[in-house]
Amino acid sequence: MAEELGNPKIRTPKDPVKKGELVEIRSLIKHPMQTGLRRDKVTDALIPAHFIESVVVEYGGKPVLKATWSTAVAKDPYLAFFIKAEATGPLKMTWKDNKGQVFEASAVITVA
Amino acid sequence: MVLGTPLAQAEAPTPTAPANDMDALIARLMGPGPITLEKVALDLPATADNAALVRMPIVVDHPMEPNNFIQMVALFADNNTPDPLVAQFELTPEMGKAAVEFRARLAASSKVRVIARSNTGKLYGLIKEVQVATGGCAG
């Protein structure tokens with residue numbers, strides 16, 4: 001069965017923020033996060049592991065957060081964190097799975 | 001039921017990781033030294049309604065300044081075998097606040113441990129017991 005994959009979303013504040021303000025960023029991506037230990041209900045064959053193993057967040061072109069995940073991160077991974085707004089700039093996130101698939105999304109943090 | 005695949009970056013863990021191996025695993029991943037059980041918060045219910053989707057909001061009450069910040073945070077579930085390491089985060093002062101939230105699967109009722117390491121190598125931690133009705137690997 002094909003599962004929807006990717007479609008990453010990042011939520012940043014819509015309105016401009018003040019310099020130095022803590023901004024909460026929320027993100028979501030569609031991914032089955034297969035553990036590799038489950039069996040297909042029909043064939044009883046093991047379903048290969050398929051999971052996001054790293055997430056990198058860059059703000060203004062500089063890495064600010066890196067996550068390394070195991071298969072124990074829940075399906076359709078959610079990740080929220082804070083960024084201290086210093087200047088208007090892109091907030092870019094890159095998700096990479098164990099099959100080499102890469103998903104990217106970006107949003108802008110606007111500092112008034 | 002078993003859950004978890006070793007992280008690519010981590011060395012292969014021992015086939016089973018009983019609680020008394022947790023100290024060695026944590027020391028290998030987070031560095032040696034005593035762990036102070038303070039500064040770390042994890043708002044977790046005593047019983048998880050859905051073991052396949054357990055909110056893990058981690059907050060470390062620590063400055064995030066260029067020379068004094070939390071550099072690494074990891075979350076472990078003792079009874080997630082073979083690999084209790086659920087997620088590891090590398091943080092920077094640019095975040096302004098040492099906080100991350102994600103959702104985890106728990107294979108069984110378990111101790112959940114969050115360990116944080118400062119840029120100077122100080123370790124802080126928290127241990128919570130979480131009960132689950134059924135394991136989260138069926139999701």
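This is a predicted model: local features need pLDDT of at least 70, side-chain atom pairs count only at pLDDT 80 or more; totals for chains, interfaces and linings use all residues.
A residue counts as partly exposed when its relative accessible area falls between the buried limit, under 20%, and the exposed limit, over 50%.

The side chain of Glu24(A) forms a salt bridge with that of Arg26(A), with an N to O distance of 3.7 Å. Arg26(A) is likewise partly exposed, its relative accessible area being 39%. Over all chains, the structure contains seven salt bridges. Another of them joins the side chains of Lys19(A) and Glu86(A), at 2.8 Å from N to O. Lys19(A) sits in the loop between strand 1 (6–11) and strand 2 of chain A, and Glu86(A) in the loop between strand 5 and strand 6 (89–97) of chain A, so this pair links parts that lie 67 residues apart in sequence. The lysine, Lys19(A), is exposed at 59% relative accessibility, while Glu86(A) is partly exposed at 38%.

Attention now turns to the meeting of the two chains. Here 32 residues of chain A are in contact with 33 residues of chain B. About 2700 Å² is buried between chain A and chain B, and carbon and sulfur atoms supply 55% of that area. On the side of chain A, the residues that lose the most area to chain B are Thr68(A), Ala72(A) and Tyr78(A), which together make up 21% of what that side buries.

Polar links also span the two chains: 14 residue pairs are in polar contact, with both residues at pLDDT 80 or more. Strand 2 (22–30), strand 4 (62–69) and strand 5 (78–84) of chain A are the elements that each give two or more residues to the side touching chain B. The largest share, eight residues, comes from strand 4 of chain A. By residue class, the side of chain A that touches chain B comprises 21 nonpolar, four polar and seven charged residues.

One salt bridge is counted between chain A and chain B. In it, the side chains of Lys62(A) and Glu94(B) meet at 2.7 Å, N to O. The pair runs from strand 4 of chain A to the loop between strand 6 (85–91) and strand 7 of chain B. Both partners are partly exposed, Lys62(A) at 44% relative accessibility and Glu94(B) at 27%.

Strand pairing crosses between the chains as well. Strand 5 of chain A pairs with strand 7 (residues 98–104) of chain B in the antiparallel sense, over three bridges. Within this pairing, Phe81(A) has Val100(B) as its bridge partner in strand 7 of chain B.

How values were computed:
Residues are numbered from 1 along each chain as its sequence is written. Chains are lettered from A and ligands numbered from 1 in the order in which they are written. Side-chain values use heavy atoms; hydrogens and water are left out. Contact means heavy atoms within 4.5 Å. Buried area is the accessible area (1.4 Å probe) that two parts lose on being put together, summed over both. A salt bridge is a side-chain nitrogen of Lys or Arg within 4 Å of a carboxyl oxygen of Asp or Glu. A polar contact is a pair of N or O atoms within 3.5 Å; within protein, one must be able to donate a hydrogen and the other to accept it, and residues adjacent in sequence count only if both atoms are side-chain atoms. Helices (H or I, at least four residues) and strands (E, at least two) are DSSP runs, numbered from the N terminus. Ala, Val, Leu, Ile, Met, Phe, Trp, Tyr, Cys and Pro count as nonpolar, Asp, Glu, Lys and Arg as charged, and the others, Gly among them, as polar. Two strands pair if DSSP finds at least two bridges between them. Buried means under 20% relative accessible area, exposed over 50%, partly exposed in between (1.4 Å probe, protein chains only).
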